[in-house]
Amino acid sequence: MSTAFPNGFLWGAASASAQIEGAYLEDGRTPSIWDTAKKKQVKHGENCHIACDHYHRYKEDVALMKEIGLKSYRFSISWSRVMPEEGRINEKGLRFYSDLVDELIKNDIEPMVTIFHWDMPLWVYKKGGWLSEKIVPLFRDYAKVVVDALSNRVKWWMTINEPGCFIMNGYLQGVHAPFKRNYLALSKLTRNCMLAHAEAVKVIRQYAKQKPMVGVAFSSGAYVPKSESEADIDIARKKSVETGNGLMANRWWMDPMILSKPVKAYGIFSSKEKDMAEICQPLDFIGLNIYSSFNYGDWGDTEKAPEGTPRNSLGWVIDERVMYWNVRFIYERYHLPVMITENGVAANDAVSLDGKVHDPNRTDFLYRYLKELKRAIDEGIPVLGYQHWSIMDNFEWAEGYDPRFGLVFVDYSTQKRIVKDSAWEYSRIIQTNGSCLK
Ligand code: NOJ
């Protein structure tokens with residue numbers, strides 16, 4: 001078995017507009033629902049108005065990506081930057097993304113675009129946001145603007161990032177923008193979101209100027225089996241993707257969008273057979289954002305993690321085995337090539353006296369999770385690439401700036417960037433196309 005990853009494997013990193021760009025009112029941009037979050041809704045009252053100031057520093061940031069050796073970079077578009085109000089295209093906003101794409105290509109980095117990563121324009125929200133069916137044509141128009149502007153150079157597309165997460169956090173639990181608690185609207189929210197996704201897929205296929213690779217980035221997860229006996233694997237498989245557990249994270253979205261199968265949940269929520277033909281549009285890959293297993297705590301099971309279980313700085317359990325099982329169970333059910341659209345670890349990184357950022361735990365995390373990914377690849381599962389979350393420390397939504405997920409450290413008071421030790425290790429992994437992992 002080869003020690004290397006497949007040829008052309010896309011070793012990359014990811015980000016999202018609201019989390020890094022800043023420049024929230026510049027060049028005609030209007031606020032998103034995250035720009036107007038109240039102080040008490042974010043950990044220390046932070047906001048994302050400046051964030052990493054990537055809008056002004058994108059060239060420097062792309063130069064760092066190049067130095068690390070990234071082959072791809074996944075980023076998202078700020079809807080209110082390119083469409084600050086209904087029906088109006090903002091050329092200056094589009095220019096930013098066009099320039100970013102040019103800069104990436106100049107540096108041999110494949111651009112990968114997420115059309116929607118949570119920063120809904122305030123004007124769309126005021127029309128009802130995901131609660132209103134009006135979002136479907138609005139989203140289609142927005143997707144078309146982006147595709148028209150970038151598809152001559154962009155091949156990789158993700159329509160929506162983690163629908164399960166922003167619906168759950170933003171509309172059910174009220175902990176993310178727009179901070180609503182409206183459980184009873186779950187079926188409606190899901191339907192609007194899936195229809196908007198479907199429209200975007202159609203727009204990309206119809207208007208892209210080159211053959212596109214179209215997918216979605218799902219928040220995913222899986223149960224790690226208790227042992228590798230067939231019986232235990234089967235229990236884990238069922239709980240991960242076939243029954244109600246892990247619902248909002250996997251099957252609730254993927255069955256309708258990929259298999260054209262409606263899903264029923266908790267007796268009162270469901271997707272409808274009549275919508276399936278529209279919702280299920282052909283995809284070229286499935287994007288998986290993989291962090292923790294479902295076995296413990298928050299993710300829906302009752303089992304308590306043993307004391308001292310490794311966790312990241314947000315308290316999420318670190319268990320690299322989820323990478324293999326998640327990819328395997330999802331591939332078995334959906335048969336689509338897999339792109340790891342996110343995976344990474346939050347830590348309390350700091351600058352040491354020597355001026356560097358030593359983050360051995362992130363390096364260890366990378367090795368652990370990538371070895372498990374390699375196991376899936378060795379078993380014949382087509383995995384197209386791995387986008388580490390994140391290229392740089394950034395605004396972690398309601399958690400503010402404390403959790404640092406970056407390969408590059410950001411000093412928010414000066415905007416100075418420092419490439420962390422783990423990024424140099426990642427660089428070595430990329431240079432050897434993964435052979436050094438064995
Ligand atoms: C999920 C989201 O897509 C991203 O925005 C977030 O920062 C990371 N995972 C870490 O929580």
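This is a predicted model: local features need pLDDT of at least 70, side-chain atom pairs count only at pLDDT 80 or more; totals for chains, interfaces and linings use all residues.
Two strands count as paired if DSSP finds at least two bridges between them. Residues are numbered from 1 along each chain as its sequence is written, and side-chain values use heavy atoms, with hydrogens and water left out.

- Helices (H or I, at least four residues) and strands (E, at least two) are DSSP runs, numbered from the N terminus.
- Strands β2 and β3 run parallel and are joined by five bridges.
- Serine 76 has threonine 114 as its bridge partner in β3.
- β3 also runs parallel to β4 (residues 156-161), with four bridges between them.
- Buried means under 20% relative accessible area, exposed over 50%, and partly exposed in between (1.4 Å probe, protein chains only).
- β3 is largely enclosed by the rest of the structure, because six of its seven residues are buried.
- Serine 72 lies in β2 (residues 72-76) and is buried, at 0% relative accessible area.
- Contact means heavy atoms within 4.5 Å. Leaving aside residues up to four places away in sequence, serine 72 touches Leu10, Trp11, Gly12, Ala13, Ile109, Glu110, Met112 and Gln387.

**Helix α6**

- Helix α6 covers residues 135-150, 16 residues in total.
- The expected span of a helix is 1.5 Å times one less than its number of residues. For α6 that gives 22 Å, and the end C-alpha atoms are 22 Å apart, which agrees.
- Its buried residues are Ile135, Val136, Leu138, Phe139, Tyr142, Ala143, Val145, Val146, Val147 and Leu150.
- These buried residues of α6 pack against α3 (79-82), α4, β3, α5, β4 and α8.

**Backbone exceptions**

- Most residues other than glycine have a negative phi, and most peptide bonds are trans.
- Alanine 177 and proline 178 are joined by a cis peptide bond, with omega about 5 degrees. Proline 178 sits in the loop between α7 (163-172) and α8 (186-207).
- A cis peptide bond also joins tryptophan 389 and serine 390, with omega about 10 degrees. Serine 390 is in the loop between β10 (383-389) and β11 (408-411).
- Aspartate 108 has a positive phi, near 60 degrees. It lies in the loop between α4 (91-106) and β3 (110-116) and is exposed, at 58% relative accessibility.
- Tryptophan 118 has a positive phi of about 80 degrees. It lies in the loop between β3 and α5 (122-126) and is buried, at 6% relative accessibility.

- Lysine 40 lies in the loop between α1 (17-20) and α2 (54-68). It is exposed, at 72% relative accessible area.
- Its C-alpha atom is 9.4 Å from that of alanine 398, which is 358 residues away along the chain.

**Cavities**

- On a 1 Å grid over the protein atoms alone, a cavity is a set of points where a 1.4 Å probe fits but cannot get out, while a pocket is an open set with protein on both sides within 12 Å along at least five of seven lines; lining residues have an atom within 4 Å of a point.
- Grid points are joined across faces, edges and corners, and a volume is the space filled by probe spheres set on the points.
- The whole structure holds five cavities of 30 Å³ or more.
- The largest cavity has about 60 Å³ of space. Its lining includes Ser17, Arg29, Cys48, Arg81 and Asp119.
- Ala, Val, Leu, Ile, Met, Phe, Trp, Tyr, Cys and Pro count as nonpolar, Asp, Glu, Lys and Arg as charged, and the others, Gly among them, as polar. The lining of the largest cavity has two nonpolar, three polar and five charged residues.
- The second largest cavity has about 50 Å³. Tryptophan 118 and Ala177 are among its lining residues.
- That lining has nine nonpolar, one polar and no charged residues.

**Second largest pocket**

- This pocket holds about 270 Å³ of space.
- It is lined by 18 residues, and Pro310, Arg311, Ile318, Asn361 and Asp364 lie nearest its centre.
- Helix α13 (residues 360-378) gives the largest share of the lining, four residues.
- The lining divides into eight nonpolar, four polar and six charged residues.
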